[in-house]
Amino acid sequence: MALKTEPMVEQLELLGCIQCGKCTGGCPVARKTVLNIRSLIYQMLVEPELDVAAHPELWDCTCCFTCVERCPKDVRPAELIIGLRGQLVESGRIPETIGAALMGTFRQGNPTGMAREDRAAWVDGTEVKAAQEGCELLYFVCCTASYDPRVQPVARALVRAFQAADLDFGTLGTEESCCGNEVRRMGEIGLFEMLVEENSELIRSVGASRLVTTSPHCFNTFKNEYSLDGMEILHYTQLIAELIEQGRLKFSHPPNLPGREAEGKVTVTYHDPCFLGKQNHIFDEPRAILKAIPGVKLVEMDRNRERSLCCEGGGGRMWAEGTNLEERLAFQRVHEAAETGAEVLAVACPFCLLTLEDAVKVQGLESRLQVMDIMELVDLAL
Amino acid sequence: MVEEVVTRKSAALVIGGGIAGIQAALDIADAGYPVYLVEREPSIGGRMAQLDKTFPTLDCSSCILTPKMVDVGRHPNIELMTYSEVVSVTPPGPPSYPPHGGGGAFRVRVRKKPRYVDVNKCTGCGLCAAACRMKGRVVSRFDEGIAKRSAIYVPFPQAVPLKYTVDPTACLYLTRGKCGKTFLCQDACPAGAIDFEQQEEFVDLEVGAVIVATGYDLIDPRTKPEFGYGVYPEVMTGIEFERLSSASGPTMGEITVNGKRPKDVVFIKCVGSRDPHTGVPYCSRVCCMYTAKHAHLVRDKIPDARITVFYMDVRAFGKGYEEFYDRVRHERVIYRRGEPAEIYRKKARDGQQGDKLVVLAEDTLLGKPIEVEADLVVLATAIVPRTDVLEVAAMFSSLGGLECSPDGFFQEAHPKLRPVDTLLDGVFLAGCCQGPKDIPDTVAQAKAAASSALRVLTQCQEAVPA
């Protein structure tokens, strides 16, 4: 399908591009697939039309936004990929799994397509107030933490920490819908706007002053793409770090790691999620939490903070395999983590938790390295 | 009866003792007018004194600069005020005011910082520095942190004046109130020059013209965290490379990293420059050529090195510059088009020695992502306005203030037709304080500023009773 290039060149201000190649040079997937965003921008600039369907590698992009962060000319290369995906979505030429994720979100409010009525099942008997009754802090759980059995314990750990700190908080229960961060990045702008409208109305009706998310992906879209009139948007690492700093959340002992007999010291390395670190520059709070946990020794991987390596779980990649299944970035990443000598690879993102844990299994590192969310470590030390 | 009068010539003030200030001061002084040259560091020389060779002729920088510095030091018409800062430039005082200088449009207040050394007694022998308890423990800013010095020091051996200065941020006595039982520097000084009782002094001058030649800073490469500056010792800036490569530098010109000669050397241009993202939208103008010069120096000293220069564009616009770029490529310096995106350390695999740095980039001409190993990476960091540019501008506030252009450098009166004037009559600009430029352009602008200043000075001679 031939796309007229000029309107999108104007809309995305691609004329600022000087073809320096910093975007493709830093693109983690460009090293393993044919995706070349610099070249795509050039084609947009010099060709009257682009055959978008001839570029299946558009679905390789993880929307880590390293290109956006690094571009010296403030071009936003990843936004071109999102825009081109939008063309494919409009014409229906999308991978089946992406279609299913979008349809599931449209019908059930979550990309797995699981029933909306089961959305609050993650609480597993714990008493959590309905935010609709009014609360100071709105906890936006979102899809992965609501439905994925591996991530549900993270949400429960957060609830226990909120309770321990005596916070007045609530959730939207089964009325909560997907935040839409991934939906937008898969190019389905119409569905994204619908989700923004629904969620915004619901969130505003609660009247909370702060909103906290499990996932950096939800945090990113609430903070940068919604307009929630002065409401403070927090990722949980910011809130937990604040509670520790204020002395409202206290640890009583080193974390009791499952499978270990005695409590004691544990060496932890931390993987910066792209949507938290690179895109929103939150590097210190997760580390502050880890350093505050008794018995935790934090060691850094060589590639950390702004140079963290993407786990390949973002930008719709949880629902699309991409064009190179063999060389997963998560494989490389878990080896980097293991090389530090850490026993625990701590993450602060549900997608990172899933992709990296899977990689540890596939790479046979299970005996050496355990992937845990920061909240799981916190929970074990309260 | 007719009262006998003589004319007294008006003086000029030059602020900043780098090559711009030195050249402007010499030209005015040679024309027969008095000059006050004020430099905040203990020595004149500025950035040019730090450089190894100069492009494209490969003259040794200090060999061509030092004679000019010496000329300044002994010129009868130049009063050199080093380790001093201009506090304010204001309209002239009342007639009863007894100024130094010869009258004119400006009264200038200068703060002379205490050196804690009597410059009239100090012979520059260096016995004090050799005796100092902090010897080898104080980071040398002149050597960009590559070498350590004592708390009493001259920044470099060719310093003008060759007088020692006590660093108030490093001296044990000045920072902690105590330095052993006796002052080792005082004990060592045969001239009895060290005087911890020295206080700062204020001197008032009256001058007819002012030349601002306050120079530039370099961007902190940590603003581009992807390059790992400050994380990896193998990643350094261009100015650090100058000190490393300089025959009079801390390694006597031997290029070593972690005690070893680098085999794979990578240069990255435009680090921070041409980058609105870092607040430096402009081209820094000198990096293309000094990077070519650095590559040549590496080739000269390490004949078997693999040298890669990453570039976005090559801007070789001056006399002899394109020819130099041609020469360097023929010396097996490989230019690859693409701005690197990241540097990380790759673990050594079996059979490889040591962990190497890897530079990630796209070779845009190949259209493919590449990884280039490196033992040394040199970042061509952007030229930026000095951090105190607004304070310098504010020194002129009672005259209406000095303007800055949107890039943060001082604003000339007209970008084409009045390139050295400011909007303040009698105040002129020279060198990189007006915008990035190389040495030839800096010297040309300094000479133009001197000429403009002389035009004013010839008109403001005042008659004084004989």
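Q: How many residues of chain A are in contact with chain B?
A: 23 residues of chain A touch 22 residues of chain B, where contact means that C-beta atoms, placed from the backbone, lie within 7 Å. This is a predicted model, in which local features need pLDDT of at least 70 and side-chain atom pairs count only at pLDDT 80 or more, while totals for chains, interfaces and linings use all residues. Residues are numbered from 1 along each chain as its sequence is written, and chains are lettered from A and ligands numbered from 1 in the order in which they are written.
Q: Which elements give two or more residues to chain A's side?
A: Those are α2 (22-26) and α3 (37-46) of chain A. Helices are DSSP runs of H or I with at least four residues, strands are E runs of at least two, and both are numbered from the N terminus. The largest share, 4 residues, comes from α2(A).
Q: Switching to chain B, how many helices and strands does it have?
A: Chain B has 10 helices and 27 strands.
Q: And what is the domain assignment of chain B?
A: Domain 1 is 5-113 + 200-215 + 386-465, domain 2 is 127-188 and domain 3 is 220-383; such bounds come from an automatic or database domain assignment.
Q: How many Å separate the centres of domain 2 and domain 3 of chain B?
A: The centres are 33 Å apart, taken over C-alpha atoms. Their contact takes 5 residues from domain 2 of chain B and 7 residues from domain 3 of chain B.
Q: What box do the C-alpha atoms of chain B fill?
A: Roughly 100 × 65 × 35 Å, along the principal axes.

Conventions:
Contact = placed C-beta atoms within 7 Å.
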